[in-house]
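Me: I am new to this structure. Could you walk me through some of its details?

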Amino acid sequence: MNEDLRRKIISMTEALENELKDAFSEIDRLSFELQKKVLDAFTENRISDSHFAWRTGYGYNDDGRDAVEKVYSSVFGAERALVRTNIVNGTHAISLAILGVLKPGEKLVYCTGEPYDTLQSIIGSDENPNPGTLKELGIDYETVDLIDGEFDFEKIEKLIKEDRPRMLAIQRSTGYGWRKSITVNQIKGFVTFVRNLGSDAVIMVDNCYCEFVSSDEPSAVGADLVCGSLIKNPGGGLALSGGYVVGREDLIDRISYRLTCPGIGAECGLTFGQTRAMLQGIFMAPHITAGALKSAMLFGKVYQKLGYDICPDFSMERADIIQAIKLGSKEAVYAFCKGIQSASPIDSFASPVASEMPGYDDEVIMAAGTFVQGASIELSADGPMREPYNVYYQGALTYEHGKLGLVSTLESLAEEGIITV
């Protein structure tokens, strides 16, 4: 390790960190507000240590599972929640929402452009003949691109009037795109616009990476369904697996029948002793997310200073924990991810390698030496190996760890001769 290089990097990082004090104070204020909301949800629902116990077999009458779902309903401002360990990831939660609601002959419109790669395997195409896709089931699908990060209301209105879509979907985070994330205020305006047109279309929001970044969640401002993963923000780094769908009670009922089967729905489903981790995770989530937000901002500040394009930049309102950086070369992406991996508590000795992954068209590189496999609320970075070679940073269970990860990426890039500090 070059100690002189490290001192220079830390000095530069701390000088730029000092410029973020006001922004960090606002994040701390929001974290306090959200922590109170979560605490109120626990007290209102009378959470007890008895809710940490678990059933066997079918999982009937699981008080702990019910308690988790009541807390999520309260925190998200929703009528009902489905929070389960057997929802395997965020893509699965979104798939449940789509396939649990839509019937053959109905239409889904994504109003934020094409969704990220893994959703394409749910939509289906001639090149993707997987069974059970929307295409195979005869469910129509269309996208409406954003215009400078805003909804294209003119085109959406035309589609609503002419095609009467059953579901309108919003992906809040960028995926592997290059745009700002969608704010709760934007969603509130979208809901008002759609309802003023007299449409009763189900408004579904993919909330991955966005929980606890704003005062309210989309379900509190009129979204009918909101979906996400427990190994991102709401799991607080403690949930070992799982996902959630919150929203209207009648829709959650339908979705629960897709998760299990008609006639059983949410009545069954073993939690395998995970209710304590799920409850403690959402209790910790406001603080954990605040640290992730701060580290994302610091990454953005430093890499922008080094001349790299970043998204979001500091003129944009943040609505997720992701910081995208346009590194411009395959070598830079490898060096960046090597830095993240070497600063990880688990598998720090490993070297990330791009490879094919289910649901992605390009090889993807992922750096994540995490306690929970694939948990992107922990220090992690990933990206598709395609031009212009963007990398997407997120997570860190503590701000301090995020800062160490930043220093490590800069060391790695400098040692490869890609940057000069």
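## Helix pairs, a serine and some backbone details

Me: At what angle do helix H3 and helix H10 pack?
Reply: H3 covers residues 63–76, H10 covers residues 275–305, and their axes are 9 Å apart. Helices (H or I, at least four residues) and strands (E, at least two) are DSSP runs, numbered from the N terminus. Axes are lines fitted to C-alpha atoms, for helices over the stretch in contact, and angles run from 0 to 180 degrees between N-to-C directions. For this pair, the packing angle is about 15°.

Me: Before we go on, what kind of model is this?
Reply: Residues are numbered from 1 along each chain as its sequence is written, and side-chain values use heavy atoms, with hydrogens and water left out. Local features need pLDDT of at least 70, side-chain atom pairs count only at pLDDT 80 or more, and totals for chains, interfaces and linings use all residues, for the model is predicted.

Me: Are H3 and H10 roughly parallel or oblique to each other?
Reply: Angles under 35 degrees count as roughly parallel, over 145 as roughly antiparallel, 65 to 115 as roughly perpendicular and the rest as oblique. With an angle of about 15° between them, H3 and H10 are therefore roughly parallel.

Me: How many nonpolar residues does the contact of H3 with H10 have?
Reply: Gly64, Arg65, Val68, Val71, Tyr72 and Val75 of H3 meet Thr275, Met278, Leu279 and Ile282 of H10, where contact means heavy atoms within 4.5 Å. Ala, Val, Leu, Ile, Met, Phe, Trp, Tyr, Cys and Pro count as nonpolar, Asp, Glu, Lys and Arg as charged, and the others, Gly among them, as polar. Besides 2 polar and 1 charged residues, the number of nonpolar ones is 7.

Me: How are H11 and H12 oriented to each other, roughly parallel or oblique?
Reply: H12 spans residues 399–415, and its axis is 7 Å from that of H11. The two pack at an angle of about 140°. H11 and H12 are therefore oblique.

Me: How many polar residues does the contact of H11 with H12 have?
Reply: H11 contributes Ala332, Ala335, Phe336, Lys338, Gly339, Ile340 and Ser342, while H12 brings Gly405, Ser408, Thr409, Ser412 and Leu413. Alongside 5 nonpolar and 1 charged residues, the polar count is 6.

Me: Is Ser344 buried or exposed?
Reply: Ser344 sits in the loop between helix H11 (330–342) and strand S10 (364–367), and it touches Gly369, Leu379 and His401, leaving aside residues up to four places away in sequence. Buried means under 20% relative accessible area, exposed over 50%, and partly exposed in between (1.4 Å probe, protein chains only). At 6%, Ser344 is buried.

Me: Which residue's backbone oxygen does the side chain of Ser344 reach?
Reply: A polar atom of this side chain also lies 3.4 Å from the backbone nitrogen of Gly369. The backbone oxygen that the Ser344 side chain reaches, at 2.9 Å, belongs to Ile340.

Me: Is Tyr209 buried or exposed?
Reply: Tyr209 lies in the loop between strand S5 (202–206) and strand S6 (225–229), and has a positive phi of about 75° although it is not a glycine. With a relative accessible area of 15%, Tyr209 is buried.

Technical notes:
Polar contact = N/O pair within 3.5 Å; in protein donor to acceptor, adjacent residues only side chain to side chain.
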